[in-house]
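Thanks for coming, everyone. Let me put the structure on the screen, and then we will walk through it together.

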Amino acid sequence: MQNVFRALAIAGATAGFGASLAQAQSAVGMPANGFYAGAGVSANLMVPTNQSMYSQGISNIFQGTTLAATGAAGGPSNPRPPNAATISPSAQLGYFQKLDNSRWLLGGKFTYNYINATATDHFVAVPQSGSFALVGGGPITAFTGNVVIQSYQITADHQFAFVPQVGYTFDRSFVYFGAGPSLTHTEVKLNNVVGFANINGAAGTSITGAPTSYSSSQWLIGATFAAGATYFLTPSWFIDFGYSFTLTDLWNSTYASPFTNTASGFNTVGVLSGNYGGGLNTHTLTVSINRRF
């Protein structure tokens, strides 16, 4: 009889342990739905694309107070700034929902990434061609030159995206892909801009005088394509591994500023103006820890 009670006790303990183990295994399975919020770290690669630039100068040359000549020159260029890589903090809010009697799910997430990447192209030259004419008559003289930009900088800092998703679930994870709109804040700077001309064999004559700098900032609409995978540590906590590719619309900025320059007894008065435009692609790898509510 004692052996019988011992066997029953062992069987009961084994059954209880088995039930507890089964419950524990079930507890870490993937839930059917939920809102979640998370924070993580992102590795970013910013790629400037479709860069274009145009500069021109229009000037009047005075000898004393008398107008002696007029001139103008302009031309385009296509800068090629290098790529820029950064590590940044990121955050996300989202929701997922399993479809009934299926391993598929639908969802979406709103993401924020502080990219803080700057691409810099040094000593950008915008070729110029033009001519000047003496006021008193005479032949029109052609000349060439360059508008030289000491540094051309493109910065992307704040990036937001909303990405609807389709996913496929497993016991403790799901994989997903999606696409949606994005918004990226950019700032573009032209630092220390000077216009030079090659006139009558005098190479590199400064026409615009002291260097001038220009900048513009704007929010660019774009599109984000994303894919990734999650792994649930508990029903409330999971890790998200994601990749996203974002392309932006093109910016198009203009600039203009007057200049006055005195050299060899002549006063040159004019306006330096132009425009610059381009877009961005960003590649991002993100690892985040998320809390389901």
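Start at N101, which is found in the loop between β3 and β4. N101 counts as exposed, at 88% relative accessibility. Exposed here means over 50% relative accessible area, buried means under 20%, and partly exposed is in between, with a 1.4 Å probe and protein chains only. The phi of N101 is near 55°, a positive value in a residue other than glycine.

Before I go on, a word on the source. This is a predicted model, where local features need pLDDT of at least 70, side-chain atom pairs count only at pLDDT 80 or more, and totals for chains, interfaces and linings use all residues. Residues are numbered from 1 along each chain as its sequence is written, and side-chain values use heavy atoms, with hydrogens and water left out.

N50 also has a positive phi, of about 50°, although it is not a glycine. N50 is found in strand β1. At 58% relative accessibility, N50 counts as exposed.

Now the overall layout. The chain has one helix and 11 strands. These are DSSP runs numbered from the N terminus: helices are H or I with at least four residues, strands are E with at least two. Along the sequence, the pattern is α-β-β-β-β-β-β-β-β-β-β-β. The chain has 293 residues, and 40% of them count as buried. Next, contacts, meaning heavy atoms within 4.5 Å. Take those in the chain between residues at least 6 apart in sequence: 74% join residues at least 24 apart.

Let's follow β5. How many bridges join β4 to β5? There are 26, and the two strands run antiparallel. Two strands pair if DSSP finds at least two bridges between them. Within this pairing, L106 stands opposite V166 in β5. The hairpin of β4 and β5 has six residues between the strands, and there G137 takes a positive phi near 105°.

On to the next partner. β5 pairs with strand β6, residues 173-199, in the antiparallel sense over 20 bridges. V147 has G195 in β6 as its bridge partner. β5 and β6 form a hairpin too, with three residues between them.

Is T155 buried or exposed? T155 is buried, because its relative accessible area is 16%. The side chains of T155 and T118 are joined by a polar contact of 2.8 Å. A polar contact is a pair of N or O atoms within 3.5 Å; within protein, one must be able to donate a hydrogen and the other to accept it, and residues adjacent in sequence count only if both atoms are side-chain atoms. Leaving aside neighbours within four places in sequence, T155 is in contact with A117, T118, H185, T186 and E187.

Now I199, in strand β6. I199 is partly exposed, with a relative accessible area of 21%. Not counting residues up to four places away in sequence, I199 touches F132, F143 and I207. I199 and G145 are 54 residues apart in sequence, yet 8.5 Å apart in space, C-alpha to C-alpha.

That brings us to the spaces. We use a 1 Å grid over the protein atoms alone: a cavity is a set of points where a 1.4 Å probe fits but cannot get out, a pocket is an open set with protein on both sides within 12 Å along at least five of seven lines, and lining residues have an atom within 4 Å of a point. Grid points are joined across faces, edges and corners, and a volume is the space filled by probe spheres set on the points.

The largest pocket has a volume of about 680 Å³. It is lined by 34 residues, and those closest to its centre are I61, I199, T205, I207 and T268. By class, this lining has 19 nonpolar, 15 polar and no charged residues. Ala, Val, Leu, Ile, Met, Phe, Trp, Tyr, Cys and Pro count as nonpolar, Asp, Glu, Lys and Arg as charged, and the others, Gly among them, as polar.

Last, the cavity. The count comes to one of 30 Å³ or more. The largest cavity has a volume of about 280 Å³. Its lining has 23 residues, with Q92, T111, S244, T284 and T286 nearest the centre. Which strand gives the most to that lining? β9 does, with five residues. The lining of the largest cavity divides into eight nonpolar, 13 polar and two charged residues.
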